[in-house]
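The sequence and structure come first, and the packing is then taken pair by pair.

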Amino acid sequence: MSNAIADAVGGALESTGSALVEMSSVTKTYRGVHAIHEIDFDLVAGEVHALVGENGAGKSTLCKILAGAVQPSEGQLRICGSQVNFRRPHDALEHGIAMVYQETSLVPTMTAAQNIELGHEKLLTRFRSLNIGAQQLLQSMNFHVDPTAYVSTLGAAKKQMVEIARALRSQARIVIFDEPTASLTPEETLHLFDVIAELRAAGLGVIYVSHALEESLQIADRVTVLRDGERVATVDTARTNREEIIRYMVGRSLGSGPERTVPGTGAPARKRKVLEVENLILGNVVRNMSFSAYAGEVLGIAGLIGSGRTETAKIITGMLKRNRIHGGRVLLNGRPVRYRVPKQAIDDGIVYITEDRKLDGFFETMTVAENLYLGHLASRNGRRSWLLSRRKREQIAREWSHRLRIKAIDADAKVVELSGGNQQKLTVGKSLVQEPEVVIFDEPTRGVDVGAIEEIHQLIRQLADDGKAVIVISSYLPEVLTISDRILVTRFGRTVAEFSREEATQEKIMYAAIF
Amino acid sequence: MSTVSARFRPSGLLRMSQEQIVLMVVLALFVVFGVLLDGFLTTNNLLNLVRSVSSLGILGVAMAVVVIARGMDLSLVASMGVATAVAIQLMQTTASTPVALLVGLGVVMIMGLFNGFLIAFVEIPALFATLASGLLVYGLARTTVLNGLIAQLPGDRDFVSWLGQGAVLGVPVPILVFVAVALFAQWMLSRTRPGRFIYAHGDNAGAAALTGIPVRPFTTLEYMLSATIGFVGGLVVAGSVGGLNTQVIDGTLIYDVLLVVVVGGISLVGGRGSVLSVVAGTALIGVMLNGMTILNMNTHEQDIVKGLILLGALILDNRLHPRDEETVRQGD
């Protein structure tokens, strides 16, 4: 079998053990913020090297640099011993680096064979020879995919196979898998592992990026752990275990809990239940979410990206619709509710503060004051008057700019002129103006400067102390631990664990979030 | 990160708003035409100029309402033409003028409702939805209710004639109607809650929905309002030429309307510009059209000029309001 792979990729390969990739001190900054910082990484022929880390640890950035999609700010990259400088993905491809994306980079309206050949077409292509070539390639890897089938008709696993075949068609020596098992069934995953083992046997280098730690440990020879853009450790899988890797990932040894910077109100007695979510289901994204939120309490929701947290919040606030049959229930103060649009949720006192403020957070053509005033106008109170009031607008702007400490030259500053932190505060303010009872924050401090993070945390705490039910969705564990009274962990669209403030640690949460 | 970053602020000439640039161009053209063209700076010609562009300006205001909300109404001229023709045809019978006008109003209302429904609820892009609905309404009207190509306004309908040909204190009524419509629209857009919502909708529909604005019903209202203003423009046209030739629907009027709106600085991105932009655009196009007529240019030569101006305006719009602001995102 390994011979077949070797044939498929053209035979001549480096001998096992020679260095394919050497990255030294590679740094990438976005607007002064490090995405990855001075990372050393190497890959040798005939190994599978796994990259693990929390959300935002820098795994994707590292892979994108290797694949030529992103240019490093500093540092050197050597492929097979010679220094390279990729300016576009095509350069990386010419050096034999192929990235297998989750399933997104295929052209759905073309057949499998056409996709495999994409970018290598001769001037004139005969369908017959195209299909035969693709058939042979797929066969050599034991992939049962019909080369004449349109990609749009293929399932996730088969698309993945086409992706891999395409990577090998381009004579790749280094194959990067980005979350390859996210959409695969367990059997398909096993099959993928067989393929990866064959690639390794054929002398290729494989980089394996995954949230799923068990998988990485199972398939990889070495594991590199990234945290906050830095390389924490590179270990042989034979000489490590799950506990050690998790310790590296969260960055603290067991036992020492994080410091709480925001004083809580002590152990919260069970207060009035405001929002109750029962068995919420939406397709296969939200599979079974159940939890309750209490007045005067901050409920943190931790979990990996894609575990259905945002979707749950959007169902509650009417932006998404849950399954019509067996979709579960949402109870507000004991009354079942089902919102079609956010307006209805806002009228009932539930607001959702978006995770992507640029996408749907604020109005960029408007000033700070106009943004805040618009929140008021769209609320139940604001809807009473048809005419605008400059006095009311200025009063709201003054009050909330002060309460949220929004720093702008003046209230007439345009939103695009504000820093990320102030934009976030404005987005929060626009919702708080509507006097909600339940506030759902989604990644409240993403892309926010350090000083503002602290202020936003205090604000969240203050809201709970004022008797509101606050839900905070966050992928940043220290944040969840700092501000929450109770922590919920989600995995694959289900709530899988719940911790009180006292018993929660980063390790316990990671354990529950990763399978 | 600093509190304020100035990276979005364009520099130099681009610091001026588009209306200001356009008004300056109008002024320059005015001077050039005044010096070079015989008979341009006569009272008669100037009154004529303003009168002739008034209906275009009214239609421009109508279009502006939907474009500010990041929409587009290519059926504007069709619904205006059909509604006006229907109203005039009723006036040819014994129906009273108010009744005929109400029926016309009903036609544009239904048209706006239909467009809004297609765009907001069926979720067809506005460009194509209104392209299709315009064809549909004109075809339906011609095959059922309308008797001929031209609806002749009976001589005894003083109100409509007055709209097109009357004068108050020497000022032609079409100009007054344009001013009234512009003032009303400006007031509505800048001083009322629905006006704010229209801007919010055009700026960022997703954020508008999240903030609690009922975006779908609002879309429908926008198209109904736009069609209603268009109907006013249709009546002015009918009054000034004594009837309505429905062939105008097949003509290039809709492009002139778009030209007026885009040239003035109402960005197709939405949420930007005001009625003042329409006034500036109308002034420019009015002066251009008048000058070209005096120069004896034929329609094809005029089309070249209009096409170039539209392209220039679109390029400027693109420079001032890039559609895809570069958003650098960190991977995970």
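## A perpendicular pair in chain B

In this predicted model, H7(B) and H8(B) are roughly perpendicular to each other, because their packing angle of about 75 degrees falls in the range of 65 to 115 that counts as such. Helix H7 of chain B covers residues 173-191 and helix H8 of chain B covers residues 193-203, and their axes are 5 Å apart.

The contact is made by B:Met188, B:Leu189, B:Ser190 and B:Arg191 on the H7(B) side, which meet B:Pro194, B:Gly195 and B:Ile198 in H8(B). Sorted by class, the residues of this contact of H7(B) with H8(B) are 4 nonpolar, 2 polar and 1 charged.

## An antiparallel pair in chain B

Helix H3 of chain B (residues 76-91) packs against helix H4 of chain B (residues 97-121) at an angle of about 155 degrees, and the two axes are 8 Å apart. Since angles over 145 count as roughly antiparallel, H3(B) and H4(B) are therefore described as roughly antiparallel to each other. The crossing of H3(B) and H4(B) is right-handed.

From H3(B), the residues B:Ser79, B:Val82, B:Ala83, B:Thr84, B:Val86, B:Ala87, B:Leu90 and B:Met91 take part, and they meet B:Thr97, B:Ala100, B:Leu101, B:Val103, B:Gly104, B:Val107, B:Val108 and B:Met111 in H4(B). The residues of this contact of H3(B) with H4(B) comprise 12 nonpolar and 4 polar ones, with no charged residue.

## Domains of chain A

The domain assignment of chain A gives three entries: domain 1 is made up of 2-10 + 18-249, domain 2 of 273-349 + 436-513, and domain 3 of 366-435. Between domain 1 of chain A and domain 3 of chain A, the C-alpha centres lie 46 Å apart.

## A parallel pair in chain A

Helix H13 of chain A (residues 368-377) and helix H15 of chain A (residues 420-432) have axes that come within 7 Å and cross at roughly 30 degrees. Angles under 35 degrees count as roughly parallel, so H13(A) and H15(A) are roughly parallel to each other, and their crossing is right-handed.

In this contact, A:Val368, A:Asn371, A:Leu372, A:Leu374 and A:Gly375 in H13(A) meet A:Leu426, A:Gly429, A:Lys430 and A:Ser431 in H15(A). By class, the contact of H13(A) with H15(A) holds 4 nonpolar, 4 polar and 1 charged residues.

Methods
Residues are numbered from 1 along each chain as its sequence is written. Chains are lettered from A and ligands numbered from 1 in the order in which they are written. This is a predicted model: local features need pLDDT of at least 70, side-chain atom pairs count only at pLDDT 80 or more; totals for chains, interfaces and linings use all residues. Axes are lines fitted to C-alpha atoms, for helices over the stretch in contact, and angles run from 0 to 180 degrees between N-to-C directions. Helices (H or I, at least four residues) and strands (E, at least two) are DSSP runs, numbered from the N terminus. A crossing is left-handed if the near helix is turned anticlockwise from the far one by less than a right angle, and right-handed if clockwise. Two residues are in contact if their C-beta atoms, placed from the backbone, lie within 7 Å. Ala, Val, Leu, Ile, Met, Phe, Trp, Tyr, Cys and Pro count as nonpolar, Asp, Glu, Lys and Arg as charged, and the others, Gly among them, as polar. Domain bounds come from an automatic or database domain assignment.
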